[in-house]
Structure formats: structure tokens, C-alpha cells
Amino acid sequence: MPVRIALGLAAIFLGTALPAAAGPANDYPTAARADYVIACMAANGQSHIVMEKCACSIDAIADRITYDDYTAIETVKVMADMPGERAGIFRSSGWAKDLMDRFRQAQVAADRQCF
């Protein structure tokens with residue numbers, strides 16, 4: 001029994017002695033979060049409450065999608081909106097549609113959580 005107590009105390013001590021993690025693995029840069037919040041507020045209203053909901057939304061998306069994937073999604077969205085044949089690959093390719101579907105699913109989940 002004393003060994004179990006000693007091991008338990010050691011685990012507690014080591015758990016509190018170790019430094020905390022630096023932050024979430026998928027942490028987005030502040031500018032990316034701000035861009036999302038500004039666009040979200042433009043679509044949903046300019047109130048403080050909407051700002052909080054939009055900030056919650058990008059936090060929820062960041063929990064579901066890595067920043068690398070988010071930047072790929074943003075690139076696909078911009079390119080798909082461009083006119084011409086060359087941009088057509090971003091409108092019709094399977095991988096682009098898959099990326100956009102992942103983003104839409106994350107955004108729907110974020111809206112349910114935050115709005």
C-alpha cells in the first residue's frame with residue numbers, strides 16, 4: 001500500500017512540475033482569425049455580440065481544421081471565384097470539392113456551437 005501512495009504522489013508532483021503545452025497544435029495566426037471575424041461580421045452584423053459569436057466560430061473551426069488545410073481552403077475559394085478556364089480546376093476537381101466540403105462541415109458545426 002505505501003508503494004501505491006508514493007507512486008500516486010509522484011504522479012501528482014510530476015504532473016504539476018511539468019511545463020504546460022505551448023498552445024493548441026492548430027493555432028491560427030491572429031491576422032487569419034481577425035480576417036475571418038471581420039468577414040463574418042460583415043455578413044452577420046456589426047454588434048459586439050456578433051463579434052463574440054464570430055470569434056467563437058473561428059475558434060471552433062480551428063479545433064476541426066489545421067491551419068495548413070485552412071489556407072488551402074481559402075486559396076481554393078479565391079481561385080474558384082476567378083473567371084476563366086484555368087480557375088475551372090478549382091471549381092470542378094474532386095480534391096477541391098472535398099476541401100470545401102470539409103470546411104462547410106466545420107463551419108456548420110461552428111455555427112451550431114456559437115450562433
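Cys56 and Cys114 form a disulfide, with 2.0 Å between their sulfur atoms (a disulfide being a pair of cysteine sulfur atoms within 2.5 Å). This pair links distant parts of the chain, as Cys56 sits in helix 3 and Cys114 in helix 6, 58 residues apart. Helices here are DSSP runs of H or I, at least four residues, numbered from the N terminus. The torsion about the S-S bond is about -70 degrees, so the link of Cys56 and Cys114 is left-handed.

Keep in mind that this is a predicted model: local features need pLDDT of at least 70, side-chain atom pairs count only at pLDDT 80 or more, and totals for chains, interfaces and linings use all residues. Residues are numbered from 1 along each chain as its sequence is written, and side-chain values use heavy atoms, leaving out hydrogens and water.

How buried or exposed are the two ends? Cys114 is buried at 10% relative accessible area, while Cys56, at 24% relative accessibility, counts as partly exposed. Buried means under 20%, exposed over 50%, and partly exposed in between (1.4 Å probe, protein chains only).

The whole structure has two disulfides, and the other joins Cys40 to Cys54, S to S 2.0 Å. Cys40 lies in helix 2 and Cys54 in helix 3, so this pair ties together parts 14 residues apart in sequence. Both Cys40 and Cys54 are buried.

Now look at helix 3 itself: its buried residues include Val50, Ile58 and Ile61. Among what covers the buried residues of helix 3 are helix 2, helix 4 and helix 6.

Notes
Helices (H or I, at least four residues) and strands (E, at least two) are DSSP runs, numbered from the N terminus. Contact means heavy atoms within 4.5 Å.
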